[in-house]
Each structure stands twice: as structure tokens, then as C-alpha cells.
Amino acid sequence: MSQNFVSYLRVSTTYQNLGIDSQRTAIQTHIDKVGGILVGEFEELESGKKDDRPVLEKALSHARLKGATLITAKLDRLSRSVNFISKLM
């Protein structure tokens with residue numbers, strides 16, 4: 001049985017939009033490597049310093065609904081706060 005994934009992509013500024021493509025590529029490479037299936041993708045333009053991010057909440061809810069693993073290209077795309085990340089875990 002294939003593992004389902006929901007991807008979360010984030011950039012802080014409109015100048016970082018090229019970063020979205022590299023994040024997407026890194027995520028897809030991993031999913032392909034493990035034979036997984038991407039069942040959702042969520043993209044957000046927001047600072048990683050903020051804990052209140054509606055798109056991240058939607059991505060987490062969708063992952064729960066689909067029984068999927070939330071995947072991000074780099075941990076700092078999820079948050080820059082260790083406290084915030086530990087609460088997610």
C-alpha cells in the first residue's frame with residue numbers, strides 16, 4: 001500500500017517564488033523514491049516567524065482527513081520556531 005502525502009510549501013516574500021519550484025521538486029523526489037502518492041498541496045506566502053498561518057492549518061487538516069503525512073522540503077519552511085514545531089509533533 002502506498003503512503004499518502006500532503007505537501008506544504010512556503011515562501012516569506014514574493015521575491016522567493018522561485019523557491020517554491022525547488023521545494024516542490026525536493027518533495028516530489030522523495031515521494032517518488034518511497035513510492036508514495038501526493039494527495040494534496042498547499043502553498044503559503046507568509047513569514048515563518050508567525051504561528052498563525054491559515055494555509056498550514058488547512059494542510060494539517062487535509063493530511064488528517066486523508067490519513068497522510070505532511071511533508072515539507074525543509075524544516076524551516078514549516079516554522080522558524082522550535083516551540084511551534086514541537087507543538088506540531
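## Exercises: a salt-bridge network and its strands

Asp21, Arg24, Glu41 and Glu43 are joined in a network of salt bridges (a salt bridge is a side-chain nitrogen of Lys or Arg within 4 Å of a carboxyl oxygen of Asp or Glu). You're looking at a predicted model, where local features need pLDDT of at least 70, side-chain atom pairs count only at pLDDT 80 or more, and totals for chains, interfaces and linings use all residues. Residues are numbered from 1 along each chain as its sequence is written, and side-chain values use heavy atoms, with hydrogens and water left out.

**Exercise 1.** Work out how many salt bridges the whole structure holds, and go through them one by one.

*Solution.* 
- Step 1: a search of the whole structure turns up three salt bridges.
- Step 2: start with aspartate 21 and arginine 24, whose side chains meet at 3.4 Å, N to O. These two sit three residues apart in helix α1 (residues 17–34), so about one helical turn separates them. Helices (H or I, at least four residues) and strands (E, at least two) are DSSP runs, numbered from the N terminus.
- Step 3: next, glutamate 41 bridges to arginine 24, with the closest N and O atoms 3.0 Å apart. This pair links distant parts of the chain, since glutamate 41 is in strand β2 (residues 37–45) and arginine 24 is in helix α1, 17 residues apart.
- Step 4: finally, arginine 24 bridges to glutamate 43, and here the closest N and O atoms are 3.2 Å apart. Again distant parts of the chain are linked: arginine 24 in helix α1 and glutamate 43 in strand β2, 19 residues apart.

**Exercise 2.** Decide whether arginine 24 and glutamate 43 are buried, partly exposed or exposed.

*Solution.* 
- Step 1: arginine 24 has a relative accessible area of 28%, so call it partly exposed.
- Step 2: glutamate 43, at 45%, is partly exposed.

**Exercise 3.** Find out which strands pair with β1, and in which sense.

*Solution.* 
- Step 1: look at strand β1 (residues 4–11) itself, which is mostly covered, with seven of its eight residues buried.
- Step 2: β1 pairs with β2 in the parallel sense over eight bridges (two strands pair if DSSP finds at least two bridges between them). Valine 6 has glycine 40 in β2 as its bridge partner.
- Step 3: β1 also pairs with strand β3 (residues 69–71), in the parallel sense over three bridges. Serine 7 stands opposite isoleucine 71 in β3.

Definitions and conventions
Buried means under 20% relative accessible area, exposed over 50%, partly exposed in between (1.4 Å probe, protein chains only).
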